[in-house]
Amino acid sequence: METVNSAFQYCDQLVRDFEKVIEAPIVTKSSVYYTGVDLGTAYIVLAVLDENYQPVAGAYRFAHVVKDGMVVDYIGAIRIVKELKQELEQKLGAELIYAAAALPPGTDSLDSGAIKHVVQGAGFEITNVLDEPTAANAVLKIQDGVIVDIGGGTTGIAILKDGKVIYVADEPTGGTHFSLVLAGAYKMSFDDADQYKRDFKNHRELIPVLRPVIEKVSSIISRHIREYPVKEIYLVGGTCCLNGIEDIITKQTNLPTYKPQNPMFVTPLGIALNC
Ligand code: ATP
């Protein structure tokens, strides 16, 4: 696997700190808290930063309230965000007032403010709604290349030039499809297959079974970047936790492919940084 450790230094440290505070929140005095709310197809994640933009708390829950970037269970989404907010407020002993949220690339015209209304409905004052790749890049700090966010329902693609997003796309292939492939191959329920897939111990065994769907994601990437002089691919999103995914993408696209140590919480932290 290719690595660019220095480029990911900030990202890796921030995500490591965030993983620690999910387990044990840091109860500090902060004049303000910034919350990033990531409403995903597979997970709803809340990331809380203090006045110095350091992670102090976080929580996530598996949920089916969003599909292909669209809120499909509005009431359910509000309920879960509210519950996670209250859980974190109790742990921190402080009220969480401000939040930012993000939309998958290219869905802003379809969303009609649903994600914003969910965050407000849960009791937050919303300060920003940005696009997911811009959020991810607040953590990755890439100048040129393509960020590929392989989440649960979709693969988001954002091409960057001089640190600015110049092209975005979102395609309906993601970790859910990986789990469906496994459910079929192993004759398991979807939930069992998804759990089996998330266990790092199983990744070596799963890669050959998942190769065709990873190759499909690679062809999606190649199609979207062909008009642009992209030289590097940067992976984020929970599906990129899969060990070995980067090698197949490198081979299929002929482009060096990099991923941070934990690609899972990059976007929620980037949302919080933009709060
Ligand atoms: P989307 O971005 O499509 O709306 P999301 O924000 O919920 O969805 P993420 O939280 O980035 O997406 O990723 C969720 C996906 O990552 C799920 O399909 C989940 O099974 C997968 N995933 C999480 N952890 C792992 C792991 N350790 N190994 C493999 N896949 C994983």
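This is a predicted model: local features need pLDDT of at least 70, side-chain atom pairs count only at pLDDT 80 or more; totals for chains, interfaces and linings use all residues.
One of the residues involved is isoleucine 147 of the model, whose bridge partner in E11 is tyrosine 234.

An antiparallel arrangement is found between strand E9 (residues 155-161) and strand E10 (residues 164-171), which are joined by seven bridges. These two strands, E9 and E10, form a hairpin with two residues between them, and in the turn aspartate 162 has a positive phi of about 50°. Lysine 161 stands opposite lysine 164, the latter lying in E10.

A further hairpin is formed by E2 and E3, which have five residues between them, and here tyrosine 53 in the turn has a positive phi of about 60°. Strand E2 (residues 43-49) and strand E3 (residues 55-62) run antiparallel and are joined by seven bridges. Isoleucine 44 has arginine 61 in E3 as its bridge partner.

Attention now turns to the ligand. The space taken by the ligand is the largest pocket of the model. Around the ligand there are 20 residues, of which Thr41, Ala42, Gly153, Lys197 and Gly238 come nearest. Sorted by class, this shell consists of five nonpolar, 12 polar and three charged residues. Two helices contribute to the shell, in that helix H6 (175-186) and helix H7 (190-198) each supply at least two of its residues. The largest share comes from H7, which provides three residues.

On the backbone, a polar atom of alanine 42 is 2.8 Å from an oxygen atom of the ligand, while a polar backbone atom of tyrosine 43 is 2.9 Å from a ligand oxygen atom. In the case of lysine 197, a polar atom of the side chain lies 2.9 Å from an oxygen atom of the ligand. The ligand, taken alone, exposes 650 Å², and the protein buries 94% of that area.

Terms used: Residues are numbered from 1 along each chain as its sequence is written. Side-chain values use heavy atoms; hydrogens and water are left out. Two strands pair if DSSP finds at least two bridges between them. Helices (H or I, at least four residues) and strands (E, at least two) are DSSP runs, numbered from the N terminus. A residue is near a molecule or strand if one of its heavy atoms lies within 4 Å of it. A polar contact is a pair of N or O atoms within 3.5 Å; within protein, one must be able to donate a hydrogen and the other to accept it, and residues adjacent in sequence count only if both atoms are side-chain atoms. Accessible areas come from the Shrake-Rupley method with a 1.4 Å probe; for residues, only the protein chains shown count as cover. On a 1 Å grid over the protein atoms alone, a cavity is a set of points where a 1.4 Å probe fits but cannot get out, and a pocket is an open set with protein on both sides within 12 Å along at least five of seven lines; lining residues have an atom within 4 Å of a point. A molecule sits in a cavity or pocket if more than half of its atoms lie within 2 Å of its grid points. Ala, Val, Leu, Ile, Met, Phe, Trp, Tyr, Cys and Pro count as nonpolar, Asp, Glu, Lys and Arg as charged, and the others, Gly among them, as polar.
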